[in-house]
Amino acid sequence: MLASERVEKQKEFGKSTKRVAYQGKATLLALGKAFPSNVVSQENLVEEYLREIKCDDLSIKDKLQHLCKSTTVKTRYTVMSRETLQKYPELATEGSPTIKQRLEIANEAVVQMAYEASLVCIKEWGRTVEDITHLVYVSSSEFRLPGGDLYLSTQLGLRNEVQRVMLYFLGCYGGLSGLRVAKDIAENNPGSRVLLTTSETTVLGFRPPNKARPYDLVGAALFGDGAAALIIGADPRESESPFMELHCALQQFLPQTQGVIDGRLSEEGISFKLGRDLPQKIEDNVEEFCKKLVAKAGSGSLELNDLFWAVHPGGPAILSGLETKLKLKPEKLECSRRALMDYGNVSSNTIFYIMDKVRDELEKKGTEGEEWGLGLAFGPGITFEGFLMRSL
């Protein structure tokens, strides 16, 4: 739903049908998304990708075709394009030291996407950039000093007194980490309004396939680029339209799992390795984690199927495993599955694409929709990041 359509709908139905946020609790006041212009159809990916990197290995082609089907992804958006490879052909050459070129592309692209997502978000919010007091900037796709937070602040025209926090290289749980930081800022600084942005590109990890690195093909079939932005604040004004209360947050890591998700930055970019036991380790620990969050609602009657769910889809296997482990009804993870289908895994952004779909579903249900819900993401560590939320 477009920001303008959402604002008109809110005016039409009025605020009388909405739940009221608890005093002093952080709320989500607006949400925006942005994507690069290059759209990748999963149906055409194999031929186009192998042609651009000049690979004619049939075994690699067969494996990539299989992966493209198993990921369930239909479309993705990417900064990388034919024009990019024509300008930087060394990116498709095995062993080339290309970190300088990659950062030239990524640093600019990440801030541009964050800027576009922020404009959408601020328009939906309905207030001016001068009212933004804090910026939380999340990315695992750029690296420079000063960071993208300063460049974004300048492009948006934020006040030079805006308080900035930058979170780098957290991977897939970075979005919820940023949300946790934004919640703490909003609740401890009365009247503050926090702009949270997440922005990611796969440029740093793009490389030609190599049989010695099977995970490269998983990345080619699963990951996409994009950005998200949110405004967070407590005690909403009359002119604001909160749609979610951030009731409480929880983070924990699983001891001795540092090597299960392993990412390394080198002269050739960033490379990842995922342990085959990742889905199982998440399944083995997720139920206890969820119950800790649900207990903070202060109601002993809440069951997991009473909640709405926004779960970061590292891949379809993780979603299926959670659904089975937690005995969730099939529709509970539908928004996560649709976000994966529409955008792929976009690292820290993905949880907010899911939350946007959850918001649409809850608006359709009105006051009959679920009041409480969980937001979950998993990343390097293995780190669990979670939120207990209330629909408003």
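# Reading the features of this model

Mentor: The side chains of Arg164 and Asp149 form a salt bridge, with 2.7 Å from N to O. The two partners come from distant parts of the chain, Arg164 from strand β5 and Asp149 from helix α6, 15 residues apart. A salt bridge here is a side-chain nitrogen of Lys or Arg within 4 Å of a carboxyl oxygen of Asp or Glu. Helices (H or I, at least four residues) and strands (E, at least two) are DSSP runs, numbered from the N terminus. The model is predicted: local features need pLDDT of at least 70 and side-chain atom pairs count only at pLDDT 80 or more, while totals for chains, interfaces and linings use all residues. Residues are numbered from 1 along each chain as its sequence is written, and side-chain values use heavy atoms, with hydrogens and water left out.

Trainee: Is Asp149 buried or exposed?

Mentor: Asp149 is buried, because its relative accessible area is 5% (buried means under 20%, exposed over 50%, partly exposed in between, with a 1.4 Å probe and protein chains only). Arg164, at 39%, is partly exposed.

Trainee: How many salt bridges does the structure hold?

Mentor: In general, side chains of opposite charge can pair when their charged atoms come close. This structure holds 26 salt bridges. One of them joins the side chains of Arg390 and Glu245, at 3.0 Å from N to O. That pair also links distant parts of the chain: Arg390 is in strand β13 (residues 383-391) and Glu245 in strand β8 (residues 244-253), 145 residues apart. Both Arg390 and Glu245 are buried. In another salt bridge, the closest N and O atoms of Arg264 and Asp262 are 3.1 Å apart. Arg264 counts as exposed, because its relative accessibility is 54%. Salt bridges with shared partners also join Lys33, Glu124, Asp356 and Arg359 into one network.

Trainee: Where does UniProt place the feature "active site"?

Mentor: The unreviewed UniProt entry places it at Cys172. UniProt positions follow the numbering used here, feature names are shortened, and annotations may be inferred rather than shown by experiment. In the model, Cys172 sits in the loop between β5 (163-168) and α7 (174-188). Cys172 counts as buried, because its relative accessibility is 15%. Not counting residues up to four places away in sequence, Cys172 touches His312, Asn345, Ser347, Ser348, Ala377 and Phe378 (contact means heavy atoms within 4.5 Å).

Trainee: Which residues of helix α10 are buried?

Mentor: An α-helix has 3.6 residues a turn, so residues three or four places apart point the same way. In α10 (residues 316-325), the buried residues are Ile318, Leu319, Gly321, Leu322 and Glu323. They pack against α9 (278-295), β11 (308-311), α11 (334-343) and β12 (372-379). Just after α10, Lys327 takes a positive phi of about 55 degrees.

Trainee: Which residue pairs does a cis peptide bond join?

Mentor: Most residues other than glycine have a negative phi, and most peptide bonds are trans. A cis peptide bond joins Leu145 and Pro146, with omega about -5 degrees, and Pro146 lies in the loop between β4 and α6. Another joins Gly381 and Ile382, with omega about -20 degrees; Ile382 lies in the loop between β12 and β13.

Trainee: What phi does Thr72 have?

Mentor: Thr72 is not a glycine, yet its phi is positive, about 70 degrees. Its place is in the loop between α3 (58-70) and β3 (75-78), and at 34% relative accessible area Thr72 is partly exposed. Asp235, also not a glycine, has a positive phi of about 50 degrees. Asp235 is in the loop between β7 and β8 and, at 42% relative accessibility, counts as partly exposed.

Trainee: What does Ala234 contact?

Mentor: Ala234 lies in strand β7 (residues 226-234) and counts as buried at 8% relative accessibility. Leaving aside neighbours within four places in sequence, Ala234 is in contact with Gly24, Lys25, Ala26, Ala186 and Arg193.
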